[in-house]
Amino acid sequence: FGTFIHRCFEVLGARPDLKEKIPQITGVEIEPDELERITVAVGQFESWLADHLDSKSVLREWPILVLEEQGIVVSGTADLIVETPEGLWVIDHKSDQVDDPGPAFINYKPQLESYAAALSKEGKTVLGIAINWARRGEVVLLRLESRR
C-alpha cells in the first residue's frame with residue numbers, strides 16, 4: 001500500500017491529468033471512488049505546499065547519495081525536495097496509520113535529517129524536514145537550525 005500511495009503522490013502531484021492511468025502506471029486495480037479520494041488528497045497536499053511553503057519548484061523521488069566523513073555512505077530517495085525562496089524542505093510521504101503524528105514523526109526523523117545533511121553538504125540551505133501523513137491528510141513540519 002505504501003508503495004502505491006507514494007507512486008500516486010509522485011505522479012498525480014506533478015500530473016493530475018494522469019489520474020485515469022494510475023492503474024496502468026502502478027499495476028494496481030483500484031475502484032473509481034477510491035482513486036477519486038486519493039486524487040483529492042494529492043490535490044489538497046499540493047495546495048498545502050503552495051500555501052504554506054511558497055514552493056518555487058518541487059523535485060519528486062530525488063536520489064540522495066553522500067559519503068559521510070566517517071566513511072558511511074548515505075543513500076536514499078527523498079520523496080520531495082521543495083525549493084522555496086529561502087531554502088529547501090525535505091518531505092516524506094508516510095502511509096502509516098497513526099493516532100498521533102507528532103510522536104510517530106520521531107521514528108522517521110533520523111532518515112529525514114540524513115537527507116537534509118546530505119543536501120547541506122552540497123551547499124544547499126535546508127530549512128526543515130516534514131512528513132505528509134497521507135492517511136490523515138496532515139503534514140508535520142520541523143524547522144531545522146541553520147543548515148548550510
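**Helix packing and salt bridges**

Analyst: The crossing of helix α1 and helix α3 is right-handed, and please keep in mind throughout that this is a predicted model.

User: Which residues do α1 and α3 cover, and at what angle do they pack?

Analyst: Helix α1 spans residues 2-14 and helix α3 spans residues 32-53, and the two pack at an angle of about 60° while their axes lie 10 Å apart.

User: Which residues make the contact?

Analyst: On the α1 side the contact is made by F4, I5, C8, F9, L12 and G13, and on the α3 side by I38, T39, A41, V42, F45 and E46. Sorted by class, the contact of α1 with α3 has nine nonpolar residues, two polar ones and one charged one.

User: OK, switching to charges. How many salt bridges does the structure hold?

Analyst: There are 10 salt bridges in the structure. One of them joins R60 and E46, with the closest N and O atoms 3.1 Å apart. That pair links distant parts of the chain, since R60 sits in strand β1 (residues 57-67) and E46 in helix α3, 14 residues apart. E46 is also among the α3 residues that make the contact with α1.

User: Is R60 buried or exposed?

Analyst: R60 counts as buried, because its relative accessibility is 19% and the cut-off for buried is under 20%.

User: And what about R15, which residue does its side chain meet in a salt bridge?

Analyst: The side chain of R15 meets that of D17, at 2.7 Å from N to O. R15 counts as partly exposed at 41% relative accessibility, whereas D17 is exposed, with a relative accessible area of 54%.

User: Which residue does E138 form a salt bridge with, and how far apart are the closest N and O atoms?

Analyst: E138 forms a salt bridge with R136, and the closest N and O atoms of this pair are 3.0 Å apart. As for accessibility, E138 is partly exposed with a relative accessible area of 29%, and R136 is partly exposed as well, with a value of 37%.

Terms used: Residues are numbered from 1 along each chain as its sequence is written. This is a predicted model: local features need pLDDT of at least 70, side-chain atom pairs count only at pLDDT 80 or more; totals for chains, interfaces and linings use all residues. Side-chain values use heavy atoms; hydrogens and water are left out. Axes are lines fitted to C-alpha atoms, for helices over the stretch in contact, and angles run from 0 to 180 degrees between N-to-C directions. Helices (H or I, at least four residues) and strands (E, at least two) are DSSP runs, numbered from the N terminus. A crossing is left-handed if the near helix is turned anticlockwise from the far one by less than a right angle, and right-handed if clockwise. Contact means heavy atoms within 4.5 Å. Ala, Val, Leu, Ile, Met, Phe, Trp, Tyr, Cys and Pro count as nonpolar, Asp, Glu, Lys and Arg as charged, and the others, Gly among them, as polar. A salt bridge is a side-chain nitrogen of Lys or Arg within 4 Å of a carboxyl oxygen of Asp or Glu. Buried means under 20% relative accessible area, exposed over 50%, partly exposed in between (1.4 Å probe, protein chains only).
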